Structure formats: structure tokens, C-alpha cells
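Hi everyone, thanks for making time today.

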Amino acid sequence: YGASLGEKLTLAKLALAATGETQKMSALVDGKIATFSISAISATDGTKRIVTTIQDITQVRKRESTLRTLLLELSHRSKNLLAIVQSLASQSAKYATSKDDFLKAFNGRLHAVSGAQDVIVEANWQGASLYELARRQLASAVADSDVSVSFQGRDLELDPNQSLHLGLALHELAMLAAASGSEKLQTVSLSTEV
């Protein structure tokens, strides 16, 4: 393992001999992370022997690093989502004239965020189809009507942040259209043509 690591192992063996306590250390060996456990065992003839166990933990450390990164990302996304929920509550309360109005607006907005999150998760957090996002957001607004929904042009891939915000915007537009009188609304058309 080279002179430097050999010297550390020698010092660990001397510490074991002096204290009787198992010594542990980690080192980078040929690009891999290895742990060394140096312990004493009694042989059948009554003598003590030093045994060094070496374990390659490179994959374990990679998994731990990946898990740590995922947990940090989950924490970040959770905090962002909670900030959005807080904003939705404030926005809903700002224009509500009654508790029922607040609950209807707030629940609708939560449903819109949930629908956008579903599209994002189904796309493995890589992005979401604009048409799929729009289809889901408009579905509840036009469900009990004869309104037709059409899409024209190229379907766009949205990143998760764009999907969430555009999903909320589509929900708000659909609710405004429904509030202004669904009998006036015949067709919803979404075009990505420039």
C-alpha cells in the first residue's frame, strides 16, 4: 500500500499492542476507499496475533453521498413547496369575502399545485409536457360543461419550476373564465406556434 499507508498501519498496530483496543482507519487505495480494522486475537497456542481486516467501502460511500444529496434536494423542494402553500393561503385570503370563498379558492389552488406536482413526478423530475399539464389543469374547470379543449403546435417540455408556476397560472385562468360565465366559454385553445 505504499510507505505512507504502511507507516500508519504500523502505528495502528503499535497502538493496539499498547492499549489492546481495536484500531480502525480509512484510506484511499488505488482510487478506492478502504477501511482497515486492526485487532488482536488469541491463537490456540495462547499467543496473541494481530489481524488486519480490509474492506472496500467505495460503493457504500457513493450510496451515502447520493442519499445525502437526495435528502438535501428533498428538503429544498419541500421548503419551496411550503412557501408556495403559504403564498396560496395568503392570496386566497386576500380576496375571499367569506370562509367558504377562502376554502374554495385555497383548495382549488392546492389541487392545481398537486396536479402540477403529479405531472412533474411522472416525468421523473426531468420536465413535464405542456399539453399534459394543461390537460390536467383545465380538466376540472371544464369537466361539467360542453367546452372543448384543443392543442396546436409543438408540445413543449417544461422544467419542474416552470411546470409548477404555469400549472397555477392555467388554473387561475380557468377559474376566471368559469367565474365570468361558462356559457360564454365554448373553446379553450392552447397554441405553441410563434
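This is a predicted model: local features need pLDDT of at least 70, side-chain atom pairs count only at pLDDT 80 or more; totals for chains, interfaces and linings use all residues.

Ser39 sits in strand S2, which covers residues 32-42. With a relative accessible area of 18%, Ser39 is buried, because the cut-off for buried is under 20%. And what is Ser39 in contact with, leaving aside neighbours within four places in sequence? The partners are Leu16, Thr22, Arg49, Ile50 and Val51.

Now let's move to the nonpolar cores. The largest one has 15 residues, and the members that touch the most others are Ile84, Leu88, Val113, Leu133, Leu164 and Leu168. Where do the core residues come from? At least two are supplied by each of these helices: H2 (58-95), H3 (99-122), H4 (130-142) and H5 (160-179). Helix H3 gives the most, with six residues.

Setting aside residues up to four places away in sequence, Leu168 touches Ile84, Leu88, Arg109, Ala112 and Val113. Please remember Arg109, as we'll meet that residue again.

Next, how do H2 and H3 pack? Their axes are 8 Å apart, at an angle of about 150 degrees. That angle makes the two helices roughly antiparallel, and the crossing of H2 and H3 is right-handed. If you'd like to find the contact on your screen, look on the H2 side for residues including Leu81, Ile84, Val85 and Leu88. On the H3 side, look for Phe102, Ala105, Phe106, Arg109, Leu110, Val113 and Gln117.

That brings us to charged pairs. How many salt bridges does a search of the whole structure find? The search finds seven, and I'll show you three of them.

Here is Arg109 again. Arg109 forms a salt bridge with Glu172, and the closest N and O atoms are 2.5 Å apart. Glu172 belongs to helix H5 and Arg109 to helix H3, so this pair ties together parts that are 63 residues apart in sequence. The two partners also fall into separate accessibility classes: Arg109 is buried, at 11% relative accessible area, whereas Glu172 is partly exposed, at 25%.

The next pair is Glu122 and Arg136, whose side chains meet in a salt bridge at 2.6 Å, N to O. Glu122 is in helix H3 and Arg136 is in helix H4, 14 residues apart, and the pair links distant parts of the chain. Glu122 is exposed, with a relative accessible area of 55%, while Arg136 is partly exposed, at 26%. Both residues also belong to a network of salt bridges that links Glu122, Glu132, Arg135 and Arg136.

My last pair stays within one helix. Arg61 and Glu64 meet through their side chains in a salt bridge of 3.8 Å, N to O. How far apart are Arg61 and Glu64 in helix H2? They are three residues apart, so about one helical turn separates them. Arg61 is partly exposed, with a relative accessible area of 35%, and Glu64 is partly exposed as well, at 36%.

That's my tour, and I'm happy to go back to any part of it.

Definitions and conventions
Residues are numbered from 1 along each chain as its sequence is written. Side-chain values use heavy atoms; hydrogens and water are left out. A nonpolar core is a set of buried Ala, Val, Leu, Ile, Met, Phe, Trp, Tyr and Cys residues joined through side-chain atoms within 4.5 Å. Buried means under 20% relative accessible area, exposed over 50%, partly exposed in between (1.4 Å probe, protein chains only). Helices (H or I, at least four residues) and strands (E, at least two) are DSSP runs, numbered from the N terminus. Contact means heavy atoms within 4.5 Å. A salt bridge is a side-chain nitrogen of Lys or Arg within 4 Å of a carboxyl oxygen of Asp or Glu. Axes are lines fitted to C-alpha atoms, for helices over the stretch in contact, and angles run from 0 to 180 degrees between N-to-C directions. Angles under 35 degrees count as roughly parallel, over 145 as roughly antiparallel, 65 to 115 as roughly perpendicular and the rest as oblique. A crossing is left-handed if the near helix is turned anticlockwise from the far one by less than a right angle, and right-handed if clockwise.
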